[in-house]
Amino acid sequence: MDIERKIQGECVMKQIRIKEFFKDFDGLKKGTVTETQFRRILHMSGIEVDDEEFGVLVQRYKTPEG
């Protein structure tokens, strides 16, 4: 998937440990974040995606329970 490669490339170039951002937003340690938190994680890590790209990511990784 192109958007995933884009994010991976930016993480490598900028030496970002995006997993750490996810851990910060997952207070209950369930392994999930909300869509709003996901958008914030990308923004805080300096990874800019447009609305269409974000929608694709959300659909790909959205859990069945919401």
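**Helix packing and the nonpolar core**

In this predicted model, α2 passes α3 in a crossing that is right-handed. The residues that make this contact are Ile18, Phe21, Phe22 and Phe25 on the α2 side, and Gln37, Phe38, Arg40, Ile41, Leu42 and Met44 on the α3 side. Two packed helices are described by the angle between their axes and by the distance between those axes. For α2 and α3, the angle is about 140° and the axes lie 10 Å apart; the two helices are therefore classed as oblique to each other, since an angle would have to be over 145 degrees to count as roughly antiparallel.

The largest nonpolar core comprises 14 residues, among which Ile7, Ile18, Leu42, Ile47 and Val49 touch the most other members. At least two residues of this core are supplied by each of the helices α1 (2-14), α2 (18-25), α3 (35-44) and α4 (51-61). When neighbours within four places in sequence are left aside, Ile7 is found in contact with Leu42, Ile47, Val49 and Leu57.

Ser45 is located in the loop that lies between α3 and α4. The relative accessibility of Ser45 is 7%, and this residue therefore counts as buried, the limit for that class being under 20%. The side chain of Ser45 reaches the backbone oxygen of Ile41 at 2.9 Å, and Ile41 is also one of the α3 residues in the contact with α2. Residues up to four places away in sequence not being counted, Ser45 touches Ile16, Ile18 and Phe21, of which Ile18 and Phe21 belong to the α2 side of the helix contact.

Conventions:
Residues are numbered from 1 along each chain as its sequence is written. This is a predicted model: local features need pLDDT of at least 70, side-chain atom pairs count only at pLDDT 80 or more; totals for chains, interfaces and linings use all residues. Side-chain values use heavy atoms; hydrogens and water are left out. A nonpolar core is a set of buried Ala, Val, Leu, Ile, Met, Phe, Trp, Tyr and Cys residues joined through side-chain atoms within 4.5 Å. Buried means under 20% relative accessible area, exposed over 50%, partly exposed in between (1.4 Å probe, protein chains only). Helices (H or I, at least four residues) and strands (E, at least two) are DSSP runs, numbered from the N terminus. Contact means heavy atoms within 4.5 Å. A polar contact is a pair of N or O atoms within 3.5 Å; within protein, one must be able to donate a hydrogen and the other to accept it, and residues adjacent in sequence count only if both atoms are side-chain atoms. Axes are lines fitted to C-alpha atoms, for helices over the stretch in contact, and angles run from 0 to 180 degrees between N-to-C directions. Angles under 35 degrees count as roughly parallel, over 145 as roughly antiparallel, 65 to 115 as roughly perpendicular and the rest as oblique. A crossing is left-handed if the near helix is turned anticlockwise from the far one by less than a right angle, and right-handed if clockwise.
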